[in-house]
Amino acid sequence: MAKMEVKTSLLDNMIGVGDMVLLEPLSEETFINNLKKRFDHNEIYTYIGSVVISVNPYRSLPIYSPEKVEDYRNRNFYELSPHIFALSDEAYRSLRDQDKDQCILITGESGAGKTEASKLVMSYVAAVCGKGAEVNQVKEQLLQSNPVLEAFGNAKTVRNDNSSRFGKYMDIEFDFKGDPLGGVISNYLLEKSRVVKQPRGERNFHVFYQLLSGASEELLNKLKLERDFSRYNYLSLDSAKVNGVDDAANFRTVRNAMQIVGFMDHETESVLEVVAAVLKLGNIEFKPESRVNGLDESKIKDKNELKEICELTGIDQSVLERAFSFRTVEAKQEKVSTTLNVAQAYYARDALAKNLYSRLFSWLVNRINESIKAQTKVRKVMGVLDIYGFEIFEDNSFEQFIINYCNEKLQQIFIELTLKEEQEEYIREDIEWTHIDYFNNAIICDLIENNTNGILAMLDEECLRPGTVTDETFLEKLNQVCATHQHFESRMSKCSRFLNDTSLPHSCFRIQHYAGKVLYQVEGFVDKNNDLLYRDLSQAMWKAGHSLIKSLFPEGNPAKINLKRPPTAGSQFKASVATLMKNLQTKNPNYIRCIKPNDKKAAHIFNEALVCHQVRYLGLLENVRVRRAGYAFRQAYGPCLERYKMLCKQTWPHWKGPARSGVEVLFSELEIPVEEYSFGRSKIFIRNPRTLFKLEDLRKQRLEDLATLIQKIYRGWKCRTHFLLLKKSQIVIAAWYRRYAQQKRYQKIKSSALVIQSYIRGWKARKILRELKHQKRCREAATTIAAYWHGTQVRREYRKFFRANAGKKIYEFTLQRIVQKYFLEMKNKMPSLSPIDKNWPSRPYLFLDSTHKELKRIFHLWRCKKYRDQFTDQQKLIYEEKLEASELFKDKKALYPSSVGQPFQGAYLEINKNPKYKKLKDAIEEKIIIAEVVNKINRANGKSTSRIFLLTNNNLLLADQKSGQIKSEVPLVDVTKVSMSSQNDGFFAIHLKEGSEAASKGDFLFSSDHLIEMATKLYRTTLSQTKQKLNIEISDEFLVQFRQDKVCVKFIQGNQKNGSVPMCKRKNNRLLEVAVP
């Protein structure tokens, strides 16, 4: 029998449904349930035909190893379970083998995993394409461009710790063999407003934090920077540190990536100098000053920051200072110079910072393109689009409007290309095409981009209009022009009477996007669209001695002054999007639709409502209906026959004719209704998923029958083989046994002879031994007699000399008696058994000095042991707590000495006995370790409020002193640190873990008369429960988190009106002073 070739398939061992086209029945609920079922089993990828749905797992999965790359290499798209590698392989093979330019469109909202998906696509292509020194260098440069662009273009947002704040489209260029030659990167609309201001809970761009965290002290000094984030106004402090992100290590990665991409050392140094200059621009502050003519002008408060910026950039300090104070307006041949007030000066400073950083980013992209561009003729191109996802925030401004406009265009091209691809396949296979109804979002795109009455056109018109132009006048114009548009809503529009949402603010407008309704704050639209940078600042930058900065501002050259107004940000972005759409339409599209399972950025959580919203605005159900409009499943004749040939006797085990004929025979034999399938030129088309599942069930049953047949044949062969082996083995065993029996008989005879010989030899040896022993005893007896005789003679001769040794004997006897007397006297002179009794009898003789001291030491150790043996377990616990307090606070806290003599009682409030606290007692099931009244410091004004402080084995509780009602409950695992001063006060702060439920209102600040005892017991209880030591910080100045702000608590010395009672006072939003007498 010929060996049967086993093929894997998408349908084998399927969890849920791997291809949504096969989902039966199809509804929004079954769609979401199928995604959830696969997500719960770590299956994050699902197909809709050739579209890949990717659900962000928010954790690492073992599905991207080199072995997985090899599994999907050169495989049919539907041959293995859904994976992003399958789509990447399909796109790469189409490009390599069919000379079709490809583009991979990765879409989804912020935090859905688009950037990671683009990295996976690039890493797969790099892994499967050719090898060689030059090819490997190109691949490495393409891959290493990502860390550089992420550092300068990504930031932490409330939805994503590594959110792309710019759009990126990369064309990877290949030669005729499919080896990469280089690439070209295009960037779209960097969110440069983030440079000067970040929403609460978000960070500035990564590079600022990486530079301050990872740069060496020498580099920081050279750039005139300090490592403390709080020194810079442009950096948000409440989210400066991100869990799981090592900014210092990332800085080293970025420096290494820049070197690999091809940046020279002086170029890297210039880039970091520009970054440092942007940081320091935020520290320039202005003050008002009145002139003689009555006009207000601004002056720089502290010129030290300005001086350092000028030293970094090589700009004359007076030139830059004037540019911040004056503005020159040119009209034809006239020049008018006006002073800037404080608000205008701050606007100019921020505009310069935004433009400087934005132009630096564009320069970085161009510099990377110079390094990675193809050096030889390009034959094929694969584009990867990683662009911002659809964004709906609490406050949506111009940036969100532009981003959502781009997503509308991407949705439009997705619908068009998907329908086009489906229709082309039906025509190619000679299958009748059925018209499909779908929502076309062209009407929304026209609302935004129409050249006459589109929102962008009206915004540009408003920006160019003479006279007073404000955001309110722009909104009024929108209300006039767009009032009747069905996807536009405004409080003041003509159709406002039809609105049900009366909460719509007056300064906002709402657009019904394909993804849902978005409310836009009109404030800032005009300024952000103008993107105005005063010409004085451009000219000052052009005069810089820093070559990079000078090249970023070519319009500052006086010889090239252009009085024409520069294009607006909206018109530039509209043109870029049009170019992008035109580029995408020339390539074969591949889609990855990314979905975010939850807003907590946590693993194993699937929020069905959130996913349902994304499924709706991504139009995934419409995509499934497009694929299923005619036929739900299609497969080439060869794989179809190979999979189902065992269901028909005529096609099993081998079909010798054409594959199509075999499929026709197979379907005829199975009596499948003709209307359920159709034969194309190269594929079989199945209309209903139920038909496919019926085939799968028949195949499964047939495989079980074949397995039974194979088992039967195998068992018969195995039994026959076993019998023949037993027969052959019996003959061999008999021959070997006879040989073995003869060998044993010979060995037995031989061993018997050896035993007899040994017995005879032993008898002879023992006889000789007895004779030798008798001779030896005779010689020893004669020697002994002679020795005794000689001894007697000697003693008679020398008896008169024996008295000479009497003195030594007497000395030894006397010494023995003295020692005996010493011990008897010590018995009666022993001191008390108290360990603190230092009395000890004096030594009577000098030679007993060492003995006397050793005896004293042994006695002290013995009485200490006797004293310890008297302790109860409760007393031992008290002394252990006292010892712990000594280790924590001795010589560190001035309050400690006064606490040494005070016993640690713990339960100062008799909650169990006091009927007033019966309700509080019933609410607490655990053992109470501490029950004490403390003063809780108010976060707003520094005043104190009495609270009952309760510590149990697992929780820390605060209750009202009067009612006994529990106000706060904090698990000990959420307590990260206890801070206190080194002075003689009872103030202490309990710091809570960021992100925990208990930390929503911030840390706690208390005052107590039993600070040492409370801190010691809290430390021991936390160590017992969490197995981790609680950090006790003793400092006269520390930070406390109050809601979203960090407040510095500072202890100072001063005379108090209340005598010796410390006073606490809130100075400002950032400082809380505690005066200690």
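Predicted model: local features only at pLDDT ≥ 70, side-chain atom pairs only at ≥ 80, totals over all residues.
Together with L815, Y845 and F847, Y811 makes a nonpolar surface patch of about 390 Å². At 55% relative accessibility, Y811 counts as exposed, because the cut-off for that class is over 50%.

**Sheet**

- Four strands form an open sheet in the order β28-β29-β31-β30, with mixed pairing, and its edge strands, β28 (1037-1042) and β30 (1063-1068), each pair on one side only.
- Neighbouring strands of this sheet are turned by 30° against each other on average, with direction ignored.
- Strand β29 (residues 1045-1053) pairs with strand β31 (residues 1071-1076) in the parallel sense over 6 bridges, and Q1053 stands opposite V1076 in β31.

**Salt bridges**

- The structure holds 46 salt bridges, and E226, R231, K280, E305 and E308 are linked in a network of such bridges.
- In the salt bridge between E191 and R165, the closest N and O atoms are 2.6 Å apart; E191 lies in the loop between β7 (180-188) and α6 (206-214) and R165 in the loop between β5 (163-164) and β6 (167-174), so the pair ties together parts that are 26 residues apart in sequence.
- E191 is buried, with a relative accessible area of 12%, and R165 is buried as well, with 2%.
- E269 forms a salt bridge with K222, the closest N and O atoms being 2.7 Å apart, and this pair links helix α9 (residues 265-281) to helix α7 (residues 217-222) across 47 residues.
- E994 and K1046 meet through their side chains in a salt bridge of 3.9 Å, N to O, with K1046 in strand β29 and E994 in the loop between β25 (987-992) and β26 (1004-1007).
- E994 counts as exposed at 55% relative accessibility, whereas K1046 counts as partly exposed at 28%.

Conventions
Residues numbered from 1 in each chain as written. Heavy atoms only, no water. Patch = residues over 30% accessible without salt bridge, like charges linked within 9 Å, V, L, I, M, F, W, Y side chains within 5 Å. Areas by Shrake-Rupley, 256 points an atom, 1.4 Å probe, with all protein chains shown as cover. Salt bridge = Lys/Arg side-chain N within 4 Å of Asp/Glu carboxyl O. Buried < 20%, exposed > 50% of the residue type's maximum accessible area, 1.4 Å probe, protein only. Pairing = 2+ DSSP bridges. Helix = DSSP H or I, 4+ residues; strand = E, 2+ residues; numbered from the N terminus. Axes fitted to C-alpha atoms, helices over the stretch in contact; angles between N-to-C directions.
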